[in-house]
Each structure stands twice: as structure tokens, then as C-alpha cells.
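This briefing is meant to be read with the sequence and the coordinates open side by side. It begins with a question about helix packing and then takes up the remaining topics in turn.

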Amino acid sequence: MTNPAEPDEPDRPAAPAVRPFLRTPGSGPAYAPASAPEPAPAVPPGEQPASLRPFVITSGRVAGQDAGIGLETQVSALPGATGARLSPEQRAIVQLCGEPLSVAEISARLRLHFGVARILVGDLRAAGHLDVHVLENDFPDPETIMRVIRGLRSIS
Amino acid sequence: MDFDPYPDRRVVGTARVPGAPQKTTPPVPVKIIVAGGFGVGKTTTVGAISEISPLTTEAEMTLEAVGVDDPGPATAKTTTTIAMDFGCVTIDQTLKLYLFGTPGQSRFSFMWDDLVRGALGALVVVDTSRIDDCYPAVDYFERAGLPFVVGVNTFNGQLGYNLDEVRWALAIRDDVPVLQFDARYRASVRDALLVVLDQALDKAMRMRSS
């Protein structure tokens, strides 16, 4: 009785998720239901799949074993790493990392929560599919900072 | 698709040793945090200098409720998911600068060690009409010992208060720079980031000499 002009309520809950333009064909197999570890509990059919609770993909784990993996940590795929027994999300990560990529970019492009992306990256590293370049020093050294300064100065 | 046949120059190391120095492939990432309240121009700042249009990632942040509507000790700490816009600047083939724009909600002090670990420093973006929005960020960076710079975003070339007044309101140490910049212009953002980097360089020198 409020809105007779709306036939079948097209307004989605629109999870406050990553921007929609990232949903392009070819880059978004992240939620294909092929081998979901558990049948995602009670996802209503009309709901946007992005609202699936993120840590279902990691079988409920919220902490990975690689505490050193940060947002900017670079990840690259190892040769011959296209295993068949990967989950769709894992396969998407491996495909994305042909060029070195940060975990934050993986998370953004695959529309995965950062915490989820970090756990999956850690798993793939343990399985030998990814090279994860964790840096050992906490704070960059002066030479590195000088290079950043010079690089920024050259931007006009 | 984006399949890459692994050109020879990029010899991907096979040793998965944490922290192994690699001279070959991926760039060394460094990061600067761009913090501030809602709508002060963090994403504009990132977008002005980033070579990619800003991407968004969602991540957990630990919140500690403080102040007026503190519901009590039982719920003092919560986690919430925040959306973070980020961008990057390729310095050269072996060095890449990331900029992470992170919200600091007022009435919450946030703690996020993932974000700060290894960061060069932070630019705290301030809108003088809502200056208290940046207090949590300032608090946090002070406690974390991260070099930071307060950048007053002048949307219309106008400054509601002068920089000394902003410094007074924030009660920050004298060695924390307070500057004025315009988040819409690349050169202005670049100059603000250079001040952050100066602070980072000071810290790196101190760490080396000690």
C-alpha cells in the first residue's frame, strides 16, 4: 500500500560492500557456489551474494597463520600453480597474481573481505601456489625513504 | 583473460622463506596512511595522486568506545568492518607506495595494528568545520609512535581557522607539522606527503643512530 508502482521490490539490501564496478565478467568468480565448504547457512535467494558471511569461505577461521601478511604485502603466483583442487576463490587469487599484487588489491578486485583474502593467501602459500613476500624489517630504512621522496618529487 | 606466461625477466623465487630478500620480482611496498573523519577528503586525497582510481577493501577494526555514551565495561571493545579506499604510486620497478585512506570515527578510538605496522607515517586530514573528527586518529598515531602530519584540507581555498589555532585545538607536540593543502590537486597532495616523508626520514635516522 505504500508503493504500488514497485512490482517486485528491486531494491536490494546492497551490502555496504566493495564498489559495484569491480563486478566485471571474468574477475568475479569469487562467489561461485561450486565447492563451497559448507552450504552457506540461510542465504535468501534474492539476497546479494556479497552479503554472504565472509568467513564461510575460510571454514570459519578468522585468523591465519601468517601474521606477517599485511595490506601491502606483495603476492605472486608460482609457476604451475593452477591446481584443480582449489576453491573458486583460491583459483581466482592465483589467476590474479600472475603479476605481483598486494593483498589489499586482491581483496578489492575479488570483493573479498581483507581478513578472508589474507587467510586464503596464507593457505595458498602453505600449499605452494603463491609466493608471499613478507618483509622482515618493520620500519623502512632511510635509503628507501629517500627513494620515495625522490620519486614523489618527480611527480608534477 | 589476464593470464600471464611468466616472462623470463621475472624469475619468481621458489623459496617461500618469510622475509627472504628478493632482488628480482615484486616491488618493495611502503605505505602512508591517510586518516580523518567522514567526508574530510581522504579518498579525494588518495585519488589525487594515485595512479589507479582508488579501490576499496573492507577490513576489521577494533573499536573502543569512549566518552559520553559508553555503554559500560562489558561492551568496551568491539570490532567493526570498515571500508578503506586505497591507491598506489609506482616509484620505480622495485618500489611502490601505497596510500590507505582510513576512517576515524569520532566517539571511538580505534586500534589497528595491521594498518600501522611498517607504515612510513600518516597524513591526518582535517576539516576545520569539524575539527574533532580527527581526534581519534591523532590519539592513535601519537600512541603508536607513528610519524604524522596534520593537513588542513582547504576545500575552497578558505581556512576556517589559522594553522596555529588548529594546532592549539589538537594539542599536538611542536614537532608535528600542521599544514594546509588542497586534496583535489596532485601537487598539493604530493607536497603534503613529502612532509610526512620528512618526518619518516627523521624517525628512520633516529632508529639507525640509536
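At what angle do the axes of helix 1 of chain A and helix 3 of chain A cross? In this predicted model, the axes of helix 1 (residues 88-96) and helix 3 of chain A cross at roughly 75° and come within 10 Å of each other. The two helices of chain A are therefore roughly perpendicular, given that angles from 65 to 115 degrees are counted in that class.

**Helix packing in chain A**

- On the side of helix 1 of chain A, the residues that take part in the contact are Glu89(A), Gln90(A), Ile93(A) and Val94(A), and they meet Leu120(A), Val121(A), Asp123(A) and Leu124(A) of helix 3 of chain A.

**Nonpolar cores**

- The largest nonpolar core holds 59 residues, and those with the most contacts inside it are Ile93(A) and Leu130(A) from chain A together with Ile33(B), Phe141(B), Phe148(B) and Val150(B) from chain B.
- Helix 3 of chain A, which spans residues 114-126, gives the most to this core, with seven residues.
- Leaving aside residues up to four places away in sequence, Ile93(A) touches Leu120(A), Val121(A) and Leu124(A), and its other partners are Ile106(A), Leu110(A), Leu112(A) and Leu130(A).
- Another core, of 34 residues, lies apart from the largest one, and its members include Leu152(A) and Ile155(A) as well as Leu123(B) and Leu194(B).

**Overall make-up of chain A**

- Chain A contains four helices and three strands, which follow one another along the sequence in the pattern β-α-β-α-α-β-α.
- Of the 156 residues in chain A, 47% count as buried.
- Among the contacts in chain A with a separation of 6 or more, 72% are accounted for by residues 24 or more positions apart.

**The sheet of chain A**

- The three strands of chain A form an open sheet in the order 2-1-3, with antiparallel pairing.
- Strand 2 (101-102) and strand 3 (130-133) of chain A stand at the edges of this sheet with a single partner strand each, so one side of each of them is left without a neighbour in the sheet.
- Strand 1 of chain A, covering residues 74-77, pairs with strand 2 of chain A in the antiparallel sense over two bridges, and Gln74(A) stands opposite Ser102(A) of strand 2.

**Enclosed strands in chain B**

- Strand 6 of chain B has six of its six residues buried, so the rest of the structure largely encloses it; Gly121(B), Leu123(B) and Val125(B) point one way from the strand, while Ala122(B), Val124(B) and Val126(B) point the other way.
- Strand 7 of chain B (residues 148-153) likewise has six of six residues buried, so it too is largely enclosed by the rest of the structure.
- Both faces of strand 7 of chain B are covered, with Phe148(B), Val150(B) and Val152(B) buried on one side and Val149(B), Gly151(B) and Asn153(B) buried on the other.
- Strand 6 (residues 121-126) and strand 7 of chain B pair in the parallel sense over five bridges; Val125(B) has Gly151(B) as its bridge partner, and Val124(B) stands opposite Val150(B).
- Strand 1 of chain B (residues 28-36) runs parallel to strand 6 of chain B and is joined to it by four bridges, with Leu123(B) as the bridge partner of Val34(B).

- Most residues other than glycine have a negative phi.
- Arg111(A) is not a glycine, yet its phi is positive, near 55°; this residue lies in the loop between helix 2 (103-109) and helix 3 of chain A, and it counts as buried because its relative accessibility is 11%.
- Ala171(B) likewise has a positive phi, of about 55°, although it is not a glycine; it is placed in the loop between helix 4 (163-170) and strand 8 (178-181) of chain B.
- Ala171(B) is exposed, as its relative accessible area is 61%.

Conventions. Residues are numbered from 1 along each chain as its sequence is written. Chains are lettered from A and ligands numbered from 1 in the order in which they are written. This is a predicted model: local features need pLDDT of at least 70, side-chain atom pairs count only at pLDDT 80 or more; totals for chains, interfaces and linings use all residues. Side-chain values use heavy atoms; hydrogens and water are left out. A nonpolar core is a set of buried Ala, Val, Leu, Ile, Met, Phe, Trp, Tyr and Cys residues joined through side-chain atoms within 4.5 Å. Buried means under 20% relative accessible area, exposed over 50%, partly exposed in between (1.4 Å probe, protein chains only). Contact means heavy atoms within 4.5 Å. Axes are lines fitted to C-alpha atoms, for helices over the stretch in contact, and angles run from 0 to 180 degrees between N-to-C directions. Angles under 35 degrees count as roughly parallel, over 145 as roughly antiparallel, 65 to 115 as roughly perpendicular and the rest as oblique. Two strands pair if DSSP finds at least two bridges between them.
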